[in-house]
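I am opening a notebook on this structure. I want to follow the chain first, then the sheets, then the contact between the copies.

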Protein chains: 2
Amino acid sequence: MPTMLGVLEAALYADDLDAARGFYGDVVGLEVITAKEGRHVFFRCGATVVLIFRAEATREPPPPDALPVPPHGAEGAGHLCFSVPMAALDDWVDRLTGAGVAVESDFRWPNGARSVYVRDPAGNSVEFASPKLWDMPE
Amino acid sequence: MPTMLGVLEAALYADDLDAARGFYGDVVGLEVITAKEGRHVFFRCGATVVLIFRAEATREPPPPDALPVPPHGAEGAGHLCFSVPMAALDDWVDRLTGAGVAVESDFRWPNGARSVYVRDPAGNSVEFASPKLWDMPE
């Protein structure tokens, strides 16, 4: 099997990219790598890049003079989980609620890991959990 | 800002979970962590877990006696990119095409990084690229 390093990009969709930038950039604190008005905004997050696309734009095939990036685009609530240390979860709850983001769910799994769920402005389900959830080190 | 380690889970949707298991498990070679018939199959992929959900099931709110996992579920083609070494991309093309998966696009970005795109059985756009694409080390 050829070498696999991990997930390089995880994608979600949002109609309002300014609101997405406010959430992922300002509230969650991710660094914006690049953005294209009306199409996307991308954020660095550890070894993975979080891509927020406007599906209406990314469902269009690329023009003939552009790189042949295949179209995609989904409707409805997607899901993403951020990896954070267990000891930082209370601070994340404070950070999110302090920014006006309601916690939708906050509980412990059978293995002791804790998950905190919020919604991004587009309604995607965004979770903050310790990698312990999947038996990975922090 | 509280500590952020990276992306713990990236999610895509598929109506046919057996086909998803064949693609992500058998062809891409990811280890299945857990699966629930008719609802999901999860795979380990480096420091991230790839979640494949059947949206019809995950859009249902959890029953009162279950953990309060918020519902989500999207329709249409999503996107995921796997991080692989640049030198392994030819082997990935051989692996994918040998398994009957057509390469939809294969090109180099302005910074020299190469991306190979296929579709998973549900039609999601799945990319294989070197982390050099985002100026990250292999």
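**Entry 1: the chain.** For the pattern below, I take helices as DSSP runs of H or I with at least four residues, and strands as E runs of at least two, both numbered from the N terminus. The model is predicted. I read chain A along its sequence and get β-α-β-β-β-α-β-β-α-β-β-β. I count three helices and nine strands in chain A. The C-alpha atoms of chain A fill a box of roughly 50 × 45 × 25 Å along the principal axes. I looked up burial next. Of the 138 residues of chain A, 42% count as buried. I also checked how far apart in sequence the contacts reach. Among the contacts of chain A with a separation of 6 or more, 45% link residues 24 or more positions apart.

**Entry 2: helix 1 of chain A.** Which residues of helix 1 of chain A are buried? I find A:L17, A:A20, A:F23 and A:Y24. They span an arc of only 125 degrees around the axis, so they lie on the same side of helix 1 of chain A. I recall the general rule: an α-helix has 3.6 residues a turn, so residues three or four places apart point the same way. What do the buried residues of helix 1 of chain A pack against? I see strand 3 and strand 4 of chain A. After helix 1 of chain A comes A:G29, and I note its positive phi, near 85 degrees.

Entry 3: I traced an open sheet of eight strands, in the order 2(A)-3(A)-4(A)-1(A)-6(B)-9(B)-8(B)-7(B). The pairing is mixed. Strand 2 (31–36) of chain A and strand 7 (105–108) of chain B stand at the edges; each has a single partner strand, so one side of each is left without a neighbour in the sheet. From one strand to the next, the twist averages 20 degrees. I then looked at one pair. Strand 8 (residues 114–119) and strand 9 (residues 125–129) of chain B run antiparallel and are joined by five bridges. B:V116 stands opposite B:F128 of strand 9 of chain B.

Which helices pack on this sheet? Helix 1 (residues 17–27) of chain A touches strand 2, strand 3 (40–45) and strand 4 (48–53) of chain A. Its direction makes about 10 degrees with that of strand 3 of chain A. Helix 3 (residues 89–98) of chain B touches strand 7, strand 8 and strand 9 of chain B. Its direction makes about 15 degrees with that of strand 8 of chain B.

Entry 4: Strand 6 and strand 9 of chain A run parallel, joined by five bridges. In that pair, A:H79 has A:S125 of strand 9 of chain A as its bridge partner.

**Entry 5: the contact between the chains.** How many residues does each chain give? I count 54 from chain A and 53 from chain B. On the side of chain A, the elements that give two or more residues include strand 5 (73–77), strand 6 (79–83) and helix 3 (89–98). The largest share, six residues, comes from strand 1 of chain A. By class, I find 35 nonpolar, 13 polar and six charged residues on this side. Strand 5 of chain A runs antiparallel to strand 5 (residues 73–77) of chain B, with five bridges between them. There, A:G73 has B:A77 as its bridge partner.

**Entry 6: how the copies are related.** A rotation of 180 degrees with 0.0 Å of shift along its axis superposes chain A on chain B, with an RMSD of 0.0 Å.

Methods: Residues are numbered from 1 along each chain as its sequence is written. Chains are lettered from A and ligands numbered from 1 in the order in which they are written. This is a predicted model: local features need pLDDT of at least 70, side-chain atom pairs count only at pLDDT 80 or more; totals for chains, interfaces and linings use all residues. Two strands pair if DSSP finds at least two bridges between them. Axes are lines fitted to C-alpha atoms, for helices over the stretch in contact, and angles run from 0 to 180 degrees between N-to-C directions. Two residues are in contact if their C-beta atoms, placed from the backbone, lie within 7 Å. A residue is buried if 20 or more other C-beta atoms lie within 10 Å of its own, exposed if 12 or fewer, and partly exposed in between; C-beta atoms are placed from the backbone. Ala, Val, Leu, Ile, Met, Phe, Trp, Tyr, Cys and Pro count as nonpolar, Asp, Glu, Lys and Arg as charged, and the others, Gly among them, as polar. Copies are superposed by least squares on the C-alpha atoms of residues with pLDDT of at least 70 in both. The arc is that of the directions from the helix axis to the C-beta atoms.
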